[in-house]
Amino acid sequence: MTVDALTDVAGLRVGHATRSGGGWLTGTTVVLPPEEGAVAAVDVRGGGPGTKETDALDPRNVVRRAHAIVLTGGSAYGLDAASGVMAWLEEQGRGVRVGAGPTHVVPVVPAACVFDLARGGDFRARPDAALGRAAVEAAAASAPGARVREGCVGAGTGAVAGGLKGGIGSASVVLDSGITVGALVVANPAGAVLQPETGALYGELFQGRVEFPEPRVHENARRRLAEAAAKNAPPLLNTTLAVVATDAELSKAQAQKLAGTAHDGIARAIRPVHLLNDGDTVFALATGARQLDEHPLALNEILAAGADLVTRAIVRAVRAAEPVDGPGGVWPSYEELYGASLGESHGER
């Protein structure tokens, strides 16, 4: 049984740690591979990234596997969450072995952050090592193949998507070859996720399954969004983060290609993307449970699926988000503005 999420890739677990209220609106999300880690790569295309340990994932460098991926709020401050994840992995003896002792390891924990500072009202309320530890513990405690909570949780808690409330989304597919591909996204872009003329989500236009909102509803939504924007501070920095994973056996170079083409999925759902005030970053993981066909073009179906899943995950993130009206700003949700008009329910799983 599949759950249409990143966790359909056997061995991957996802954990969220969320802080909201009392000045907080942020969190951390951890993707936890099997104990031995997973082949990992990254592609950074935003002009304002905040990352940690991404150079280690270059195919030219010695590190082959990552032992966790950290997605976090808090801008560069929030990267401290990775320290809590590393400490937990060290206690479990997970990492690159560098000595004879059971905990003589150095965990490889790449991380990337989104900008959500002060969205709960307090600029200093941001993820730290304790929140990172809580997220990895939540991942470790989850059942294999567990559903992934979507919307305003973990790293998506304070996410904003072009004036709408953003969040976490996930999706997966099993290919005809039997290979599974999954994606998880933190949708926090400076660009728009909806077509200004109609109110339709760009990602749904690409998927060809869009139902256009009624013009009257769209006009009301545009008015609401304009009113909210007038109350909020101008957006300074944003970012869309993604983890794309497969159970296929990939080299680091192939995984890097997967991370790169997955950015196409961001471009289909958000306009514009990869701006100077975005830190758009995609990680790729390969667990190696299934052998990839030796044909030189066998990777293509995984590349295409990864991009499609990122688009779908962004749509799910925006659909699952809940509105916020607090001391840090006002951000309506897409469902609040358009859901009743479309006669659909896309709540958080």
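Tutor: Let us begin with a pair of charged side chains. In this predicted model, the side chains of Glu227 and Arg223 meet in a salt bridge, with 3.3 Å from N to O.

Student: How far apart are Glu227 and Arg223 in helix H4?

Tutor: The general idea comes from helix geometry. An α-helix has 3.6 residues a turn, so residues three or four places apart point the same way. In this case, Glu227 and Arg223 are four residues apart in helix H4, which means that about one helical turn separates them.

Student: Are Glu227 and Arg223 buried, partly exposed or exposed?

Tutor: A residue counts as buried under 20% relative accessible area and as exposed over 50%, with partly exposed in between. Glu227 is partly exposed because its relative accessible area is 40%. Arg223 is likewise partly exposed, at 42% relative accessibility.

Student: Which parts of the chain does the salt bridge between Arg224 and Glu336 tie together?

Tutor: The side chains of Arg224 and Glu336 meet at 2.9 Å, N to O. Arg224 belongs to helix H4 and Glu336 to helix H7, so this pair ties together parts that are 112 residues apart in sequence. Arg224 has a relative accessible area of 30% and is therefore partly exposed; Glu336, with 39%, is partly exposed as well.

Student: What can be said of the salt bridge between Asp308 and Arg268?

Tutor: Here the N to O distance is 2.8 Å. The pair links distant parts of the chain, with Asp308 in helix H6 and Arg268 in helix H5, 40 residues apart. Asp308 is partly exposed at 36% relative accessibility, and Arg268 is partly exposed at 23%.

Student: Which residues are linked in a network of salt bridges, and how many salt bridges does the count come to?

Tutor: Asp4, Glu150, Arg312 and Arg316 are linked in such a network. A salt bridge is counted when a side-chain nitrogen of Lys or Arg is within 4 Å of a carboxyl oxygen of Asp or Glu. By this rule, the count comes to 15 salt bridges.

Student: Which residues does Ile302 touch?

Tutor: Not counting residues up to four places away in sequence, Ile302 touches Leu175, Ile179, Val181, Thr246, Ala248, Leu250, Leu258 and Leu292.

Student: Why is H6 described as largely enclosed?

Tutor: Of the 21 residues of H6, 17 are buried, so this helix is largely enclosed by the rest of the structure. From its first C-alpha to its last, H6 reaches 30 Å, close to the 30 Å expected at 1.5 Å a residue.

Student: Which nonpolar residues form a patch on the surface?

Tutor: Val96, Val98 and Val106 form one, with about 240 Å² of accessible area together. Val96 lies in strand E7 (residues 96–97). At 39% relative accessibility, Val96 counts as partly exposed.

Terms used:
Residues are numbered from 1 along each chain as its sequence is written. This is a predicted model: local features need pLDDT of at least 70, side-chain atom pairs count only at pLDDT 80 or more; totals for chains, interfaces and linings use all residues. Side-chain values use heavy atoms; hydrogens and water are left out. Patches are made of residues with over 30% relative accessible area and no salt bridge: like charges are joined within 9 Å, nonpolar side chains (Val, Leu, Ile, Met, Phe, Trp, Tyr) within 5 Å. Accessible areas come from the Shrake-Rupley method with a 1.4 Å probe; for residues, only the protein chains shown count as cover. Helices (H or I, at least four residues) and strands (E, at least two) are DSSP runs, numbered from the N terminus. Buried means under 20% relative accessible area, exposed over 50%, partly exposed in between (1.4 Å probe, protein chains only). Contact means heavy atoms within 4.5 Å. The expected span of a helix is 1.5 Å times one less than its number of residues.
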